[in-house]
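Please open the model in a viewer and keep the selection tool at hand.

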Amino acid sequence: MEILNFINGGFLPPKNKSWIDNINPATNEVIGKVPKSGIEDLELSVKAASLAHPKWKSLTTKERASYLLKLSTKIEENIDELALLETRDTGKPIHTSANIDIPRSAKNLKFFANFAMEQKEEEFHGEGLKNYVQRSPIGVVGCISPWNLPLYLFTWKIAPALISGNTVIAKPSEFTPTTAFMLAKYCSEIGLPPGVLNILHGLGPEIGSAIIDHPEVKAISFTGSSRVGKTIAETCGKKMKKFSLELGGKNPFIITENAELEKAVSTAMRAAFTNQGQVCLCGSRIYIHKSIYENVKGKMLEKLKALKPANPELPETRFGSLTSKEHFNKVKHYENMAKEDSSIIVHQNESKMKEGNFISPMLLENVGVNHPINQDEIFGPIASLKAYENEDELATLANSTQYGLCASIFTEDKTQAKRIASKIETGIVWINTWLARDLRTPFGGVKASGFGREGGNYALNFFTEPKNICFTEDN
Ligand code: NAD
């Protein structure tokens with residue numbers, strides 16, 4: 001498939017005529033080509049977005065919502081096709097694309113359309129004053145998203161940006177461009193006004209960086225690695241540009257002596273290995289109370305036996321390939337590190353998948369707290385197990401990395417749950433679950449995991465500026 005940029009409502013090849021191969025990571029076959037966009041494509045997009053902004057901003061929230069709802073319906077009507085395309089771009093099981101990624105993409109658009117319509121202007125009355133807070137869109141904004149949950153995270157960003165009255169320049173990952181291209185087709189089919197959403201494809205350090213630098217792009221919403229996030233914070237800081245960063249994680253998953261073990265074990269496996277461990281929220285450091293360690297480990301190893309890489313396009317597959325050769329090489333490096341260190345105990349199945357970027361899931365024991373396997377965001381199917389003795393030690397372990405995105409705690413004791421949660425430096429804590437989301441709640445991390453929050457009003461506030469209008473009571 002030839003992917004094209006979506007600029008001012010039209011489909012355009014890159015002005016510089018440069019392309020990147022789109023590769024199916026499960027086979028390493030070239031399945032299409034992707035624009036390697038440059039500054040000329042960006043200038044066209046910014047011009048279109050700037051021209052479209054006054055009209056788009058002047059629509060009512062209900063009018064803007066009607067477009068988002070139509071896009072959501074389009075996604076729902078095309079789940080099977082979109083799921084297959086997402087699987088071919090990412091290597092994730094079709095079961096995951098069809099049941100998680102694509103339905104959630106439709107839900108993101110629907111959620112923000114409906115949620116924004118329910119919001120009321122803030123008012124503060126008192127002290128002889130009547131204050132009203134008007135929220136105005138920022139203007140042209142940039143949305144940059146990663147490859148692990150392509151359409152899911154793309155829509156999670158553009159929906160609050162658009163519903164708030166901004167016009168958008170969006171860049172999906174160069175590794176997974178296809179479903180964003182399909183969304184552009186739906187925009188055209190539903191008659192989204194030209195220039196409201198512009199989608200540019202290409203490399204992060206080229207077109208991604210150019211979007212961030214552009215003076216007419218007034219705010220940046222970025223999801224990706226902490227390494228790139230830091231450079232974006234620097235650039236935006238120097239330009240006094242608003243930014244929000246959703247970055248990496250190295251999340252603790254805690255099973256206390258009061259946990260319901262069957263649920264804890266099956267959730268720990270899901271948290272470690274969903275999407276081949278390529279979810280920022282994956283629980284890759286599993287801390288188990290020493291009194292139940294051997295029991296829990298035995299149950300996890302039993303489940304590990306059933307988790308084998310297979311062709312992601314088969315409906316029964318639950319574990320696919322990593323999303324690119326580059327990323328495969330990175331994860332392989334950590335796999336080799338574990339296997340070459342005689343003090344580390346490795347539990348891993350043989351993989352029969354020899355062609356694509358498949359790595360069999362691994363559970364490790366005896367990995368030191370400061371070992372790179374326990375410190376770096378591997379973003380792959382590698383998780384370590386460790387026994388802890390008491391809650392003080394647990395808190396130290398849980399907080400022992402530069403990251404602070406999420407944590408899961410398994411315990412039937414609510415007081416213990418709250419006590420442990422209060423000690424963990426993180427943006428999200430799940431009790432007896434993982435990845436459960438109410439889209440109104442704040443989503444994001446602390447420390448190297450991010451800056452700002454997404455979700456509900458947190459996202460709407462990011463994409464607008466408040467203006468306080470103050471009357472005296474006698475007015
Ligand atoms: P990445 O940082 O390499 O790239 C993310 C996006 O930024 C891509 O579209 C890429 O092209 C672009 N980009 C790369 N360099 C850029 C630059 N210099 N300027 C502007 N844009 C640039 O991340 P990735 O490898 O695509 O995704 C994996 C990372 O994303 C992991 O660290 C993961 O934890 C993180 N992530 C975080 C969340 C979250 O919500 N916190 C969700 C998903 C993924």
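Begin with the largest pocket of this predicted model, which has a volume of about 1100 Å³. To centre the view on this pocket, select Trp147, Gly224, Ser225, Arg227 and Val228, which are the closest to its centre among the 39 residues of the lining.

Next, colour the two domains separately: domain 1 comprises 5-247 + 449-470, and domain 2 comprises 252-438. Both contribute residues to the lining of the largest pocket, so the pocket lies between them.

Which elements each supply at least two residues of that lining? Select α7 (204-213), β10 (219-223), α8 (226-239) and α11 (325-340) to display them. Of the contributions to the lining, the largest share comes from α8, with seven residues. Colouring the lining by residue class then shows 14 nonpolar, 16 polar and nine charged residues.

Now turn to the sheets. In general, the strands of a sheet pair through backbone hydrogen bonds, in either a parallel or an antiparallel arrangement.

Select β14, β15, β16, β13, β12, β18 and β19; in that order, these seven strands form an open sheet with mixed pairing. At its edges are β14 (345-348) and β19 (428-431), each of which pairs on one side only. From one strand to the next, the twist of this sheet averages 20°.

Helix α9 lies across β12, β13, β15 (362-365), β16 (382-388) and β18 (406-410). Relative to β12, helix α9 runs at about 165°.

For the last stop, hide the previous selection and display β5, β6 and β22, which form an open sheet of three strands in that order, with antiparallel pairing. Which strands stand at the edges of this sheet? They are β5 (122-126) and β22 (464-472); each has a single partner strand, so one side of each is left without a neighbour in the sheet. Here the twist averages 20° from one strand to the next.

Finally, focus on β5 and β6 (residues 129-137), whose antiparallel pairing extends over five bridges. Select Glu122 and then Val133, its bridge partner in β6.

How values were computed
Residues are numbered from 1 along each chain as its sequence is written. This is a predicted model: local features need pLDDT of at least 70, side-chain atom pairs count only at pLDDT 80 or more; totals for chains, interfaces and linings use all residues. Side-chain values use heavy atoms; hydrogens and water are left out. On a 1 Å grid over the protein atoms alone, a cavity is a set of points where a 1.4 Å probe fits but cannot get out, and a pocket is an open set with protein on both sides within 12 Å along at least five of seven lines; lining residues have an atom within 4 Å of a point. Grid points are joined across faces, edges and corners, and a volume is the space filled by probe spheres set on the points. Helices (H or I, at least four residues) and strands (E, at least two) are DSSP runs, numbered from the N terminus. Ala, Val, Leu, Ile, Met, Phe, Trp, Tyr, Cys and Pro count as nonpolar, Asp, Glu, Lys and Arg as charged, and the others, Gly among them, as polar. Domain bounds come from an automatic or database domain assignment. Two strands pair if DSSP finds at least two bridges between them. Axes are lines fitted to C-alpha atoms, for helices over the stretch in contact, and angles run from 0 to 180 degrees between N-to-C directions. Contact means heavy atoms within 4.5 Å.
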